[in-house]
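Subject: Structure for you to look at

Dear colleague,

I am handing over the structure that we spoke about, and below it you will find my notes on what was found. Please keep the view open while you read, so that you can look up each residue as it is named.

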Amino acid sequence: MLALIWKDLQIELRTKETLASLLLLGLLTLLVLSFAFDPTSEMREAAAPGVLWVSVIFAGTLGMNRSLLHEREHDCLHGLLLAPLDRGTIYVAKTAGNFVFMLLAEVIVVPLFIFFFNLPLWLTVVRVTPVLLLGLLGFAAIGTLFAAVSLRTRAREVMLPLLMLPLASPLFIAAIQASTQLMSGQPLGAVSHWLNLIAAFDVVFLVVGWLTFEYAVEE
Amino acid sequence: MSLSAEKQTIPASATAASHPPIGRVARRDELTDRILAPATIALMLTALYLVFVAVPSDAFQGPIQRIFYVHMAMWLATFTAFGIVGVASLLYLWKRALRWDHLGRASAELGLVFCSLGLATGSIWARPIWGTWWTWDPRLTLTLVLWMIYAAYLLLRSMSTDPQQGATLAAILGVSGVVDLYLINRAVYWWRGIHPAVIVTKKGGSGMTDPLMRVTLIVTLLAFFLLFLWLLRLRLREARLQESVDELREQLAPSV
């Protein structure tokens with residue numbers, strides 16, 4: 001499993017295409033949404049968490065599409081499936097890889113987001129990090145499963161968001177609500193129910209993905 | 001070469017194995033035609049009479065409240081349908097029998113139809129009563145999300161390149177949908193938990209004081225539930241016939 005994660009990371013380190021596209025897309029979304037919500041007005045603190053999460057969703061969806069598409073090129077997926085591994089293990093490795101990529105992208109996007117929206121730096125970073133970690137994990141868990149599902153259909157790129165976003169709605173509601181409340185100065189305890197919900201989502205979809213991934217990739 | 005030959009034989013043998021005995025199927029179809037269909041029609045006519053003629057108008061809401069009987073019946077059918085999709089998906093992944101897949105698909109189609117009608121009737125009711133076609137009430141939000149999940153479920157099937165694979169992929173979505181239900185429910189209730197009072201007025205506020213109102217509700221619920229079952233059985237029969245047609249076609253012209 002570690003070898004699989006390492007393989008994906010190595011490919012990424014050599015080409016840097018996923019990270020670069022994740023990063024640029026995240027930034028572009030921030031930019032476009034800034035046109036919608038005036039980032040200098042009083043509204044910005046209310047709109048900011050939503051903007052951040054929409055940028056995470058956009059960039060993440062496209063990034064996860066790539067993560068399995070590049071296995072399809074040159075039929076690498078066949079090789080991967082022939083390896084003497086449990087399919088669940090492949091799923092966990094892919095999820096971990098997607099999680100790491102999105103996290104790396106956010107390491108750059110979040111400070112820029114704070115910079116553009118003129119938010120207090122350390123306070124925001126400290127407060128948003130737990131939500132971001134939990135949220136990205138759940139997003140990677142469901143995204144990887146449905147990237148494998150949509151890989152088998154026509155119009156792959158369109159299918160992933162169509163399948164995943166409605167199912168992921170509790171994750172997004174919880175993540176956006178938790179970040180909004182945290183950034184407006186509430187203590188961590190006040191949003192614990194949201195964090196629990198995200199954690200439950202993470203667990204549920206890691207288990208569902210681990211169990212059903214083999215059906216999604218079988219020939 | 002060998003690979004394509006294998007592909008042709010696999011679906012044929014799989015479908016043959018999953019076929020229930022012909023006699024039993026024919027008898028069930030007969031029961032559907034003889035009993036379920038007339039019962040549905042009779043109950044539906046009774047329900048129409050009760051809703052439009054017999055039952056008194058609501059004291060506060062006026063005649064618009066009559067839509068509630070139909071609206072409630074839509075939800076019963078919708079949630080039964082989506083529940084069946086979840087169970088059928090799970091059974092399909094486990095047993096790999098094609099009839100579970102037929103059941104899941106037929107149920108999702110009907111569920112989506114009833115869900116759309118439920119949203120429509122709800123909106124028509126909400127316009128005069130709440131003063132708006134739509135609010136982000138938890139229950140409405142939940143329904144909208146469900147509608148999208150099952151619309152994606154059907155889209156996924158039509159987008160898949162191979163029917164067998166489409167069935168498997170859709171089953172994964174069906175299982176995920178049911179597992180997700182509780183989480184979505186929690187999330188939308190916490191999100192919009194500030195004013196749940198609108199729901200209370202919908203049922204409790206005006207109340208079903210007249211006994212005829214209760215009778216009407218029960219008859220309407222039953223009528224639409226039977227309608228759902230009838231349509232489900234028709235849809236399943238259609239899927240089964242389609243399967244036999246495909247099989248025959250395969251036997252007659254295996255190369256096409």
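In chain B, the side chains of Arg235(B) and Glu109(B) meet in a salt bridge, with 2.6 Å from N to O. Please bear in mind from the start that this is a predicted model, and that every value below was computed from it. The two partners come from distant parts of the chain, since Arg235(B) lies in helix α8 (residues 211-252) of chain B and Glu109(B) lies in helix α4 of chain B, 126 residues apart. Arg235(B) has a relative accessible area of 23% and is therefore partly exposed, and Glu109(B), at 24% relative accessibility, also counts as partly exposed.

Arg235(B) has a further partner, for Glu238(B) forms a salt bridge with Arg235(B) in which the closest N and O atoms are 2.3 Å apart. Here both residues lie in helix α8 of chain B, three residues apart, which is about one turn of the helix. Glu238(B) counts as partly exposed, because its relative accessibility is 36%. Through these shared partners, the salt bridges join Glu109(B), Arg235(B) and Glu238(B) into one network.

Next, please turn to the place where the two chains meet. The contact takes 28 residues from chain B and 30 residues from chain A, and the two chains bury about 2500 Å² between them, 77% of it on carbon and sulfur atoms. Of the area that chain B buries against chain A, 22% is supplied by Met159(B), Leu183(B) and Trp190(B), which is more than any other three residues supply. Across this interface of chain B and chain A, the rule finds zero salt bridges.

In soluble globular proteins, nonpolar side chains tend to be buried together. The largest nonpolar core here has 99 residues, and among its members Phe113(A), Phe139(A) and Phe146(A) touch the most others. Helix α6 (residues 121-151) of chain A gives the largest share of this core, 14 residues. A second, separate core has 29 residues, including Leu43(B), Leu110(B), Ala223(B) and Leu232(B). If residues up to four places away in sequence are not counted, Phe146(A) touches Leu160(A), Leu163(A), Met164(A), Leu167(A), Leu173(B) and Ser176(B).

Ser179(A) is buried, because its relative accessible area is 2%. Leaving aside neighbours within four places in sequence, Ser179(A) is in contact with Pro49(A), Trp53(A) and Val131(A). Ser179(A) and Val110(A), for their part, are 69 residues apart in sequence and 13 Å apart in space, taken from C-alpha to C-alpha.

Two further features belong to chain B. On its surface, Ile41(B), Leu45(B), Leu48(B), Tyr49(B), Phe52(B) and Val53(B) make a nonpolar patch of about 650 Å². Leu48(B), one of these residues, lies in helix α2 (residues 22-54) of chain B, and with a relative accessible area of 43% Leu48(B) is partly exposed. The other feature is Arg96(B), which is found in the loop between α3 (67-95) and α4 of chain B. The phi angle of Arg96(B) is near 65 degrees, a positive value in a residue other than glycine, and Arg96(B) is partly exposed, with a relative accessible area of 34%.

With best wishes

Notes
Residues are numbered from 1 along each chain as its sequence is written. Chains are lettered from A and ligands numbered from 1 in the order in which they are written. This is a predicted model: local features need pLDDT of at least 70, side-chain atom pairs count only at pLDDT 80 or more; totals for chains, interfaces and linings use all residues. Side-chain values use heavy atoms; hydrogens and water are left out. Patches are made of residues with over 30% relative accessible area and no salt bridge: like charges are joined within 9 Å, nonpolar side chains (Val, Leu, Ile, Met, Phe, Trp, Tyr) within 5 Å. Accessible areas come from the Shrake-Rupley method with a 1.4 Å probe; for residues, only the protein chains shown count as cover. A salt bridge is a side-chain nitrogen of Lys or Arg within 4 Å of a carboxyl oxygen of Asp or Glu. Helices (H or I, at least four residues) and strands (E, at least two) are DSSP runs, numbered from the N terminus. Buried means under 20% relative accessible area, exposed over 50%, partly exposed in between (1.4 Å probe, protein chains only). A nonpolar core is a set of buried Ala, Val, Leu, Ile, Met, Phe, Trp, Tyr and Cys residues joined through side-chain atoms within 4.5 Å. Contact means heavy atoms within 4.5 Å. Buried area is the accessible area (1.4 Å probe) that two parts lose on being put together, summed over both.
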